[in-house]
Amino acid sequence: MTTPLLEAENLTVQYETANGMLTAVSDASFTINTSEYFGLVGESGCGKSTITKAALGGLDDNGRITAGKIRYKGEEIQDYTEKEFNEKLRWKEISWIPQGSMNSLDPLQRISEQAAMIARVHTDLSKDEAVERLREMFDIVGLPKERVTDYPHQFSGGMQQRAVIALALFLRPSLLIADEPTTALDVIMQDQVFKYLNEIKQDGEIGMLLITHDISLVFESCDRMSVMHAGQISETGTVETIYEEPHHPYTILLKEAFPDLRYPDRELGIIEGNPPQNMGEVDYCTFVDRCPWAVPECQEQAPSLEPVGGDEDHPVSCFRREEVLEEYRAENETVAQTGGDQ
Amino acid sequence: MTENAGPVLETQNLEKYFDQSTSIIDTLLRRENEKVQAVDGVSIALDSNESQGVIGESGCGKTTLLKTLMGLYQPTNGKILFKGNDTAEFGRKDWKEFRRNVQIIFQDPFDSLDPKLTIRETLEEPLKIHNISNVDERIVDILEQVELNPPEKYLDRFPRQMSGGELQRVSIARALILEPEVILADEPVSMLDVSTQASILNLLSELVDELDVSMFYISHDLSTVSYVCDRINVMYLGRIVESAPTSELLEDPQHPYSQALIDAVPIPDPKYNRGYTTLEGDVQNPVGIGDGCRFRDRCPDRMDVCEQTPKFIDVESDDDRKVACHLYYDHPQHTETAHTDEEQQEPEVSAQ
Amino acid sequence: MVKNNLSLMDNRFANNYVVRNVVGSLRLMLEDKATMVYFSYLVFVLFLGAFGPMLAPYPYDETLYVNGEILRSAPPSLAHPLGTNNIGQDIFSRLLYGARPTMITGLLGGSMIISIGMTVGVTAGYVGGRVDNTLMRITDVVYGVPLIPFAIVLVSLFGIGFVQSIVVIGLLLWRGNARVLRSQVLQIRERPFILASKAAGASRTRIVFKHVLPNIAPMAVLFFSLGIGFSILIQATLAFLGVTSPFIPSWGVMVRSAYNSGLMSQAWWWSLPPGLMIAFTVLATFMFGRSYENIAGQGNEEAFVQAG
């Protein structure tokens, strides 16, 4: 088997707070293969952004990786220093589009100057080479090449977001981490951005980790995905598997809660309650209080990611992973049809 | 105020323009600045027990429309009619009546409630203002209706002690506690998580049915609007470009912009290939944009005639639908009224 | 309408709402160590202001004799822990007496500053339009007035006196408060909870008293405490310049007397203690204001938010 591009193994990230250790990510494992688009879906506060920050050494001061490993192309990076991250990874290997990144452009510098500066810090490209590469990227993300010398304010919101993507891509990284890249944009702008992300995918040179709350964006643009709930990874698999055969209760319910424009009359599923704040060690399933299929065992022990139905590529962290979907379908025949058969 | 059987809330050719900030030099030179045409001739009518959506991208003027409807802004032109009475002629008593009957729900649940007040105090306020008795009983009732059970648990909490979904329920409770006739909802679920969003949408549409309330629901997100609204108005740069019953609009959008908007909504199905939008560019700024179809610069079907403002007319096959697009009417027949006189934008609507 | 506004002030509101907020902020203060230290020091000075004269071993204006001779400029001793001044008065007693006028200066000046500043700022910010323009232009004019020369002129107009010197301070120093509070109000009045209240038909008075004021309260506390500090400081300056009543023994007057006597450098026990008391008190008000604003401005939920 080839080495995965990015791999998280039993990763636990905790934040030190006034009330004790807050566990943002608990025992999370997933892999992203070379030139694969991978989606990480979950509600706000589920720890999905924390994972990306951990992978790039960008955790806040009070947060740290307390257990587990992150490997990039086989090399362990969880203990990298700031300097190592800068010299070896950031921008040229892994680039990051943070949340609300349209505002991350320096308003006083032309885009080309910003690119030149990034190139100077992270590579030995000359200024002209850097700008030339940025031009190519502008073309790919659908911005006019000659506008590389514009200031950020000369672009509209959607164009700024594409300029950020161009900047993220121009040093030809192998992995792009996009954290809610389009939440601040309107649907049409969002669609334009994903159109270009999809075109870049066709070249097969880059993998993407897409962090979002919007499961439909992941279904549309990713190959594989993980669903996360309150620090734990619930389920991982190809988007088709997750769509057709979700085995974790949270995935099943989340999918049903999502509006689908094709069926405006379908009743939306509801997930009761709120995700918990996990303090200290998480030795329970974080979904237990919201789960209609919970059994006492779920309170006592944290389920680990185990293959469902013997499928190694479809791990689910639920004690009842083999039976929940059938029970659910039996209860809601109609919903299962519209959801599963399309 | 006189009662009348028509729409409960209606706008007729409503316009709201904003002044841009003027510099001293402009004033000295008597230069008139171009106005920001936030709402530019909107006519919609909300019948009782009906819920209508207004959808559009950010900057299309939907929030200004809402605030104008609420009486927070003075309309530049046109009328707002509440039960057939012009709000411009309202006296103090009429306003009080209006305030009791038209309530609002905001987008951001974390900023919709005064952080210094308990839930009880927040819900008490409208009742006190309108001198309504049996306050405690009503508060408990309404909390039960928005499914915050048991109500006693929530009464003395502060907003910071509650989750987004719970806060949004309180906002809904505050809007409904006066038993209003109209609710104006400004993207009430867009800041909530999906799991909570569904329950709020369900709650909202149930309550609107049960309590005989009409609702204007404003959003940028078609997929949620379709769950609560009977009818959808598509807004672009200050104007309504299409209005149709929800299912008809979704199945067969007429206006190129509605089409683009619907096509751009992601579908939660990996096997469904929807294709990406072909639209380029971005929404203009609504500053001094003159006549013509607002969408023409981005429109895939652009024609020469689009330099003229299209009229908002019935779709031929279906008199329940309206669209403002030159593709949909026979021009010679309408030339009499179709010339773009400033005063006469969209004449058909005001005649309605 | 009037009845409605009055009902704002009814017992239930005052009892439960105001009391709750005051208790709440006290609790906040006591939870934070630094704030608690500053706050306790201020309480201590207030206590001196209230009970200092009773604790003083001698009347502040009594000239002390030893063996028929006036006890002039005696260095600290057991009988007189801070010695005596050039006319034989006990400095420790004067220091204790002096806490009262100093505290009165602070509280009166601080209250004037915050009440004028808040009235102007909130009115301008909330009413807006022409009212806002007029009030802010007046504020600008007040900004242009140099403080000390103006105080000297005004005091000579009103006559030299203790209260006059405070009033002068109050009449000038509200300007900063007004500006900042106005911009606070401008932000708050566009927030959805205010709009919702308007939509429910709340009157302007109700919105201002029930929603706007409580939400600018932490900032008002900061300004009140800064106002106390500034008033004490400037009143001491005025005292030093001789434009306040020399017969009321505030700490500023003590420093001036020490200076006037020409014994400033020899009789350190005379000039230093009131000087230090002024410095510490002013510092405590400033630091208290800052730390209170810090703790009241944000909840402890920040760490939780970051976890997302």
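Analyst: Helices (H or I, at least four residues) and strands (E, at least two) are DSSP runs, numbered from the N terminus. This is a predicted model, where local features need pLDDT of at least 70, side-chain atom pairs count only at pLDDT 80 or more, and totals for chains, interfaces and linings use all residues. Residues are numbered from 1 along each chain as its sequence is written, chains are lettered from A and ligands numbered from 1 in the order in which they are written, and side-chain values use heavy atoms, with hydrogens and water left out.

Let's start with chain B. Between helix 5 (135–145) and helix 6 (151–155) there's a loop that holds B:Pro150. The peptide bond joining B:Asn149 to B:Pro150 is cis, with omega at about -15°. For background, most peptide bonds are trans, and most residues other than glycine have a negative phi.

On to phi, then. B:Lys83 isn't a glycine, yet its phi is positive, near 50°. You'll find B:Lys83 in the loop between strand 5 (77–82) and strand 6 (85–86) of chain B. With a relative accessible area of 9%, B:Lys83 is buried (buried is under 20% relative accessible area, exposed over 50%, partly exposed in between, using a 1.4 Å probe and protein chains only).

Over in chain A, A:Trp91 also isn't a glycine and has a positive phi of about 70°. A:Trp91 sits in the loop between helix 2 (82–89) and strand 6 (94–97), and counts as partly exposed at 25% relative accessibility.
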